[in-house]
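Student: Can you walk me through this fold? Start with whatever term I need for the sheet.

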Amino acid sequence: AKFKALAWLHAGCDELDFAMLKLRGVKVANIRGGNGIAVAEHAMALLLGAAKRLVERHRWAQEAQWQPIWHPDFRGALLEGKTLAVIGLGQIGTAVARRATAFDMKVLGIRRHPKRGGEWADEIHGPDKLHAVLKRADFVVLAAPLTSETLGLIDAKALKAMKPGAYLVNIARGNMIEEAALD
């Protein structure tokens with residue numbers, strides 16, 4: 001029997017060899033948006049965990065290291081009143097934006113086609129405004145698909161454009177961030 005279809009149980013298909021599949025006449029279906037709510041909730045958990053310094057606080061408690069939580073060096077951050085940049089305002093990015101509004105965050109969205117709009121975002125910009133948006137964001141969530149335009153999107157210049165102390169959460173593909181730039 002000739003292989004005719006591939007049901008890919010992931011949103012991202014960047015691992016597939018589309019040229020070969022097309023050459024062989026294989027149709028591909030994925031579950032775009034199928035895990036959207038779970039991934040959006042996970043993004044919020046990561047934002048909260050980073051803002052509240054949960055990993056550090058857990059370690060301090062395990063090691064019986066008392067820390068003065070009111071001291072600026074040990075204090076966590078609030079989400080309320082902060083600005084979140086969602087890079088990739090598709091189904092998952094929109095689900096993140098929706099949840100961020102419940103925390104009274106201002107949401108700035110970046111999407112390939114900003115004129116298509118974006119429910120739950122206070123502002124929507126095109127990719128050409130990435131660095132300007134990064135300068136304004138206290139929190140950044142990467143939710144874009146991996147494409148030739150997004151590969152290495154967060155490079156040294158993008159990281160330098162971010163506010164000092166801003167948090168970066170990647171719920172997209174790892175290689176959207178140039179790992180060497182993180183050093």
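Tutor: Two strands pair if DSSP finds at least two bridges between them. Helices (H or I, at least four residues) and strands (E, at least two) are DSSP runs, numbered from the N terminus. This is a predicted model: local features need pLDDT of at least 70, side-chain atom pairs count only at pLDDT 80 or more, and totals for chains, interfaces and linings use all residues. Residues are numbered from 1 along each chain as its sequence is written, and side-chain values use heavy atoms, leaving out hydrogens and water.

Student: OK, how many bridges join β4 to β5?

Tutor: Three, and the two strands run parallel. I110 has H125 in β5 as its bridge partner.

Student: What's the strand order in the sheet?

Tutor: β5-β4-β3-β6-β7, an open sheet of five strands with parallel pairing. The edges are β5 (123-125) and β7 (167-170), each pairing on one side only.

Student: Switching to helices. Which strands does α4 lie across?

Tutor: β3, β4 and β6; α4 runs at about 170° to β3. Axes are lines fitted to C-alpha atoms, for helices over the stretch in contact (heavy atoms within 4.5 Å). Angles run from 0 to 180 degrees between N-to-C directions.

Student: And what comes just after α4?

Tutor: D104, with a positive phi of about 60°.

Student: Which residues does F139 contact, beyond its sequence neighbours?

Tutor: Leaving aside neighbours within four places in sequence, the contacts of F139 include L47, L84, M105 and Y167.
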